[in-house]
Amino acid sequence: MKKKRLTTTHIILLSFLAAIFVGSGLLALPIASATGVAVPYIDALFTATTSTCVTGLVTLPTVSTWSGFGQAVILLLIQIGGLGIITTMAGLMVLLHRRMGLRDRLLLQDAFNLNSLSGLIRFLKKVLIGTFAVEGTGALLCMTVFVPQYGWRGIWISVFHAVSAFCNAGIDVLAQDSLCQYATHPLLNAVTMALIVLGGIGYVVWWDVLQVVRHKKRGLMLHSKIALVTTAVLIVGGAAAILFFEYHNPLTIGEMSLWDKIQVSVFQSVTTRTAGFATVAQQDLTTGSTLVTLLLMFIGGSPVGTAGGIKTVTLTVLIAAALATVRNRDEVVLYRRSITGQAIRKTLAVAGMAAFIVCISTGLLAAVTDASLTDLLFEAISATATVGLTRNLTPLLNEWGKLILIATMYLGRIGPISLAIAFHLRRNNPNIIKNPTEEIHVG
């Protein structure tokens, strides 16, 4: 009897599950607890999931619950989850001098959006080196803030913070209120935002920009243009909207100077892009700012990076497709380039899947949790888009609520990856049989 071979999608799903369950087993050990008494397994499982899925929602305070061993496990899971399972597995193969087969190379090529298999391993090495270089630089800059305040422990805090920020995880070992005590600290704000943006913008954009700077090519790829422009518009637009809605709010920035108001507003706009750090309590935001935050969380960062959400490129293509339909045009055009039908279908699938997960998660949370619709929707979007911001609901969840969020974070993280692989395989195995076409009424 012929054995059924696991598809790439199955391998990805199982690999994430394996990392989560191994991590939860380690975190459930007494040595992982700060008190020496093992935490309940449901909380260990929740923490392993939020770390591997680089979400940042926590049921127990990271700084006071976990020992040095436990925090090290969390940091390792964040790094693996942030790099992505494809990159991590390929990096391990290179490190162990294992030969990568053609299928592995094609998958890695598709994941990085490269046009050729030539130089693929070299590109992978640059990604890994670039990641650790950026995280290392961020850690050194953070040490100038944390070492004077915390002594030798400040080194660990700096490393943890840099990796968590770059991977868009939003977990920290500082305090239970995240970065609220550093809301107006210019250097820490700048370093954290830079790490978040660099991690979330995507590796493809990194090297494309570097090649342009080094004059190796004349202009940016369409992907890079869309990612950079959309990211800039969302950051500036989000910050302006939050500044407007929170300007006179005494619970957030109402009592601050103009410069500090701008600083906090920009940070809120950046961190909602799946980073999860907070410099203001999310439950104190006005209704307008909450709406802006929900929208930014759902969008997230850019493809082939460490961020979650439906992604900036997805948003732009959706808007362009809608405008083309309204204008009765057959082509969807961005920067004088036509977008393929496959790319449009993929954006619809990603956005539709995310919206579906949010709706189901919100409904299930409503059935087991006594909270307002705003808090439930905030929690569901934060988990689906792997953001990590909360209106202080996560620590209050019962076991059913925790299980729902565990499933939501997992689906939110692996959903886009599975779709990308499915479209890759679909491209190599096109439909031969065509069904009859019939008109329908839409709208």
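The lining of the second largest cavity divides into five nonpolar, five polar and one charged residue, where Ala, Val, Leu, Ile, Met, Phe, Trp, Tyr, Cys and Pro count as nonpolar, Asp, Glu, Lys and Arg as charged, and the others, Gly among them, as polar. This is a predicted model, in which local features need pLDDT of at least 70 and side-chain atom pairs count only at pLDDT 80 or more, while totals for chains, interfaces and linings use all residues. Residues are numbered from 1 along each chain as its sequence is written, and side-chain values use heavy atoms, with hydrogens and water left out.

On a 1 Å grid over the protein atoms alone, a cavity is a set of points where a 1.4 Å probe fits but cannot get out, whereas a pocket is an open set with protein on both sides within 12 Å along at least five of seven lines; lining residues have an atom within 4 Å of a point. The structure holds three cavities of 30 Å³ or more. Helix 9 (residues 186-201) gives the largest share of the lining of the second largest cavity, four residues.

| Void | Volume | Lining residues, including |
|---|---|---|
| Second largest cavity | about 70 Å³ | Asn168, Ile196, Arg273 |

In helix 4 (residues 68-83), 16 residues at 1.5 Å each should span 22 Å, and the end C-alpha atoms are 23 Å apart, which agrees. Buried residues (under 20% relative accessible area, 1.4 Å probe, protein chains only) of helix 4 include Gly70, Val73 and Leu83.

How values were computed:
Helices (H or I, at least four residues) and strands (E, at least two) are DSSP runs, numbered from the N terminus. The expected span of a helix is 1.5 Å times one less than its number of residues. Buried means under 20% relative accessible area, exposed over 50%, partly exposed in between (1.4 Å probe, protein chains only). Grid points are joined across faces, edges and corners, and a volume is the space filled by probe spheres set on the points.
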